[in-house]
Amino acid sequence: MKKAPSGILPIIAVDRRSSVPLYRQVYEGYREAIVDRRLRAGQRLPSTRSLASELGISRIPILSAFEQLLAEGYFESRVGAGTFVARSLPDEGTPLEARATARGAAEPERPGRRVVSRASEVLSPTGDPWFAGHGPFRLSEPALDQFPFQVWSSLMARHSRNPTRNQLAYGDPMGYRPFREALAEYLRTSRAVRCEPEQLMVVSGSQQALELSARVLLDTGSPVWFEEPGYAGAKDVLTLARARLVPVPVDEDGLDVSAGIARCANARAVYVTPSHQYPLGGTLSASRRLQLLDWARRSGAWILEDDYDSEYRYESQPISALQGLDRDSRVIYIGTFSKVLFPALRVGYLVLPEDLVPRFARVRDAMDIFPPTLFQAVLTDFLAEGHFARHLRKMRQLYRERRTALVDALTRELGDTVEVLGAQAGMHLVAALPERLRDRHIAERAAKEGLRAMPLSTCYLEDATRQGLVLGYGGTDAARIPEAVRRLRRAVR
Ligand SMILES: Cc1ncc(COP(=O)(O)O)c(C=O)c1O
């Protein structure tokens, strides 16, 4: 039985001037809401008293209507609990089907009429088994059980119990000022990003950062260099913005800038993951960084730097952000808390060149006005009181162990078949497969074994030149990894 929500008033139009008696209007209003499935079996109904006061009529017609609905079995009353939509009513079927039956006909089709945008039709359907639910190797899943819930809940309580006026009212499209100050300090210190709080905009994850950037910087058909292979989330949002993606190959030194110039020298922008190329794991070399900045300066292109997980690097210090080298304000720096804390926070940020701030702020205001304040207030203290730095240190150690367990198990079980790429950083690596094997088939077989391995070929815009499995290890206990790899071996062979 579903939980009964508490007597929310449904929309029932009552017209006092109508010749239809009031009790009949209330009766029909409820009956139609139930047939339409706007009200569902088991849902609690308001008291007749509050309904009368809400509709501005006397209680008598409402009592009559309720009596009839009870008598006909639409409502049921439970002693001491109130009146509910009858639980015996069928609760299946889509609302649309119910409406069609109630009115005796389905909505007429309108041939030849385009009802959705072309851009939205370009997106491929979702539902790939490697993104369904959880399981070993699930990408982008941090060690959720290691999160410091105790600290977090006390900070949440602190800010929920006594919120300031500023924390409740409409806010700045750029985000909550104290959070941007704490974040700017972190980014300058740990990521070598050159920024002031004024340049920081808080967004709901990298995804929104990219959407906003596309809205402000791109026109329909604007050419954008895109890493090949690259991040499907970025591909989707840029495609939706109707950018023209130009695949640019990557190797162990990251994006091949010369190939980009050869393919499309006048691109409006480039999407790039310099610290940890997604998915192959390369690092953009110093010479390519300078070449990329130089090309952007000369051509007036924008560099969208997605720095999604560079806090985790196991063999050396984290790589400095490309943005820190930029002297010409060409880089839009994008970061996220999805990997370092947890994805459901939906908190990320943009560091903008100063002259772009007013444009971004204005567009943001038109989109969703400003980001929710509560989590930002909590995160401000989480950073300022040292919890964030402590959590990062702990996670770096943990992911290093998980990474090592995975590399060891892959070498032991599949060493003659796979080549491990990109294991020096982040929360995923690539097990590259020989060309004769099809990564999609293997990933589908692995999904049947409960594993969530993403086929590398899905990261290509053009025909895949490599087959492989992208394996996340952030969310899988080191002790469980050997057994998961044995299951993976069954899927590969
Ligand atoms: C390359 C890359 N960028 C960004 C993100 C994070 O996205 P978001 O901040 O929207 O959760 C991910 C997560 O999977 C990613 O793989």
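The side chain of His428 reaches the backbone oxygen of Pro279 at 3.1 Å. I count that as a polar contact, meaning a pair of N or O atoms within 3.5 Å; within protein, one must be able to donate a hydrogen and the other to accept it, and residues adjacent in sequence count only if both atoms are side-chain atoms. Before I go on: this is a predicted model, where local features need pLDDT of at least 70, side-chain atom pairs count only at pLDDT 80 or more, and totals for chains, interfaces and linings use all residues. Residues are numbered from 1 along each chain as its sequence is written, and side-chain values use heavy atoms, with hydrogens and water left out.

Back to His428. It sits in strand E12, residues 428-433; helices (H or I, at least four residues) and strands (E, at least two) are DSSP runs, numbered from the N terminus. Is His428 buried or exposed? His428 counts as buried because its relative accessibility is 2%. The cut-offs are under 20% relative accessible area for buried, over 50% for exposed, and partly exposed in between, with a 1.4 Å probe and protein chains only. Met427 is in the loop between strand E11 (419-421) and E12, and at 3% it counts as buried too.

A cis peptide bond joins Tyr278 to Pro279, with omega about 5°. Another cis bond links Glu228 and Pro229, omega about 0°, and Pro229 lies in the loop between strand E4 (223-228) and helix H10 (232-240). For context, most residues other than glycine have a negative phi, and most peptide bonds are trans.

On phi, then. Ser140 is not a glycine, yet its phi is positive, about 60°. Ser140 belongs to the loop between helix H5 (118-122) and helix H6 (149-161), and its 35% relative accessibility makes it partly exposed. Ala192, also not a glycine, has a positive phi of about 55°. Ala192 lies in the loop between helix H8 (177-190) and strand E3 (200-203) and is partly exposed at 33%.

Now the ligand. Which residues come nearest? Of the 13 residues around the ligand, they are Ser140, Ser206, Asp306, Thr336 and Ser338; a residue is near if one of its heavy atoms lies within 4 Å. The shell divides into four nonpolar, six polar and three charged residues. Here Ala, Val, Leu, Ile, Met, Phe, Trp, Tyr, Cys and Pro count as nonpolar, Asp, Glu, Lys and Arg as charged, and the others, Gly among them, as polar.

A polar backbone atom of Ser206 is 2.7 Å from a ligand oxygen. Thr336 places a polar side-chain atom 2.6 Å from an oxygen atom of the ligand, and for Ser338 the side-chain distance to a ligand oxygen is 2.6 Å. The protein covers 93% of the 400 Å² of accessible area that the ligand has on its own, by the Shrake-Rupley method with a 1.4 Å probe.

One more contact: the side chain of Glu72 meets that of Tyr27 at 2.5 Å. Glu72 lies in the loop between helix H3 (59-71) and strand E1 (75-78), and at 41% relative accessibility it counts as partly exposed.

Last, the whole chain. It has 17 helices and 14 strands, and 50% of its 493 residues count as buried. The C-alpha trace spans about 80 × 55 × 55 Å along its principal axes.
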